Amino acid sequence: MHFQRQTLYFLRFTVDAACLFLAFFFSIQFLEESPSRELSMGEALFFMLLVFVWIISVRVTGLYNEFRSRNFSYELISIFKNISIQIIGAVFILFVLRDIALPRKFILLYALYLLAFLSVERFVIRRALNIIRSRGRNLRNLLIIGAGEVGRNFHQTILENPHFGYRVVGFLDDQPQSALNGQFLGSIEDLQNVLEKTPVDDVIVALPTYATERIDDVIKICENHTRRVRIIPDYFRFVSDKFEITMFGRFPLISVRRIKLDELHWYITKRIFDFFFSLFVLVFVLSWLVPIIAIAIKLSSKGNVFFRQERWGRSNKKIPCLKFRSMITESADLDETGRYQQATKDDPRITKIGRFLRKTNLDEIPQFWNVFLGQMSIVGPRPHPTPLNLESKDVIENYMLRHLVKPGISGWAQVNGYRGETKESALMQKRIDHDIWYIENWSFWLDLQIIFLTVWQMIKYDTKGS
């Protein structure tokens with residue numbers, strides 16, 4: 001299987017490298033008054049460096065991972081990311097290698113040709129594979145050992161995704177399964193006979209972990225018949241979609257959730273971006289915006305300009321979260337019963353200017369100081385006040401997992417409409433689900449997308465006046 005993966009990786013890279021060359025060659029030819037000239041030594045070096053950038057980017061973005069089980073739309077997004085990295089790399093290389101005289105138009109042409117060639121290449125390959133597989137070819141035959149919940153769910157995934165290129169020939173299980181529509185081939189004792197009479201490429205073991213001896217017998221029989229064995233761990237109910245398997249010495253360890261921000265290079269990347277972004281806002285935005293808002297707050301009600309509240313940050317550490325004051329100074333965080341009072345739509349505690357600040361998210365602007373100090377991030381789960389955390393942590397599923405990363409000024413939940421008051425626990429659960437999804441799927445590109453959507457929502461409010 002490792003050999004097959006390496007071969008497929010090499011073939012896909014070869015085809016992509018050809019697309020890179022065509023895009024590079026046509027971009028240069030388009031710029032020439034007399035086309036069909038040969039590439040110079042500098043241009044050839046430029047192209048080789050771009051190929052090197054491509055090798056790095058496809059590994060970072062995982063473009064060549066699990067080709068069978070990836071939808072075309074997801075692959076197009078991944079292609080776009082790699083093209084973006086190519087363009088950034090091309091600009092940097094041209095800046096360093098000043099001897100290569102190519103106009104700015106080359107960058108635009110190269111990006112357009114790349115997008116066209118790579119998209120067409122992916123579409124043609126997938127279309128050809130779908131046609132071949134619809135005729136019963138290029139399909140891998142799977143035999144599933146275990147007809148329990150895990151095995152049936154795996155089978156359903158195969159049925160729902162025919163483009164994966166797999167076909168289930170049947171099930172084996174010690175318990176008779178009449179509901180499998182003729183695909184129940186017998187007990188596990190019949191495995192040897194089934195392998196001798198049925199074409200099987202891979203055997204999927206979906207047995208519970210306590211059936212260790214049974215799994216051991218299955219592996220021995222399959223290997224004696226030169227069949228590949230894949231085991232679905234029965235830990236699926238504990239792990240998320242983003243689990244990770246690593247080796248600790250000779251012991252395999254399953255991480256319930258893979259969090260990219262636990263990796264030092266990604267943590268440093270996010271922190272560097274946060275530092276310079278927040279510094280830019282502090283110097284060029286807050287330097288003139290804070291006095292204007294401060295005067296407006298002072299004129300609308302008595303009290304301080306800023307509001308400081310204890311909230312929970314990364315690893316449950318308490319942080320002093322800054323905001324522009326949007327309520328009257330007499331307002332209390334807790335009601336008569338001791339429960340935290342979330343701000344409501346028509347909350348009488350909110351001042352007139354405070355209502356505007358909350359609608360436009362401008363009340364959160366001072367938190368760029370928290371970001372600058374490293375207590376928060378530009379993007380992340382919104383930090384909640386201590387009383388709300390204490391109320392929710394034992395009621396909302398996975399609530400405390402949001403504190404695995406730094407809280408943010410804006411987050412995935414907020415740009416998807418889950419901001420403000422959460423009267424019902426179902427609404428809070430939706431917010432937390434979005435926060436967990438962000439943590440498990442974090443990328444630098446996702447942060448940029450959330451920042452763009454946050455700014456767009458603020459601008460949309462200003463233009464609509466609502």
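**View 1. The exposed and buried sides of helix H2.** On one side of helix H2, Met 41, Met 48 and Arg 59 are exposed, where exposed means over 50% relative accessible area, buried under 20%, and partly exposed in between, with a 1.4 Å probe and protein chains only. In H2, the buried residues are Glu 43, Phe 46, Phe 47, Leu 50, Val 51, Val 53, Trp 54, Ser 57 and Val 58. The model is predicted, so local features need pLDDT of at least 70 and side-chain atom pairs count only at pLDDT 80 or more, while totals for chains, interfaces and linings use all residues. Residues are numbered from 1 along each chain as its sequence is written, and side-chain values use heavy atoms, with hydrogens and water left out.

**View 2. The end of helix H2.** Just after H2, Gly 62 takes a positive phi of about 70°. Helices (H or I, at least four residues) and strands (E, at least two) are DSSP runs, numbered from the N terminus.

View 3. Arg 311 stands opposite Ile 319 in E8. The hairpin has 5 residues between E7 and E8, and Ser 315 in the turn has a positive phi of about 60°. Because 5 of the 7 residues of E8 (residues 318-324) are buried, E8 is largely enclosed by the rest of the structure.

Conventions. Pairing = 2+ DSSP bridges.
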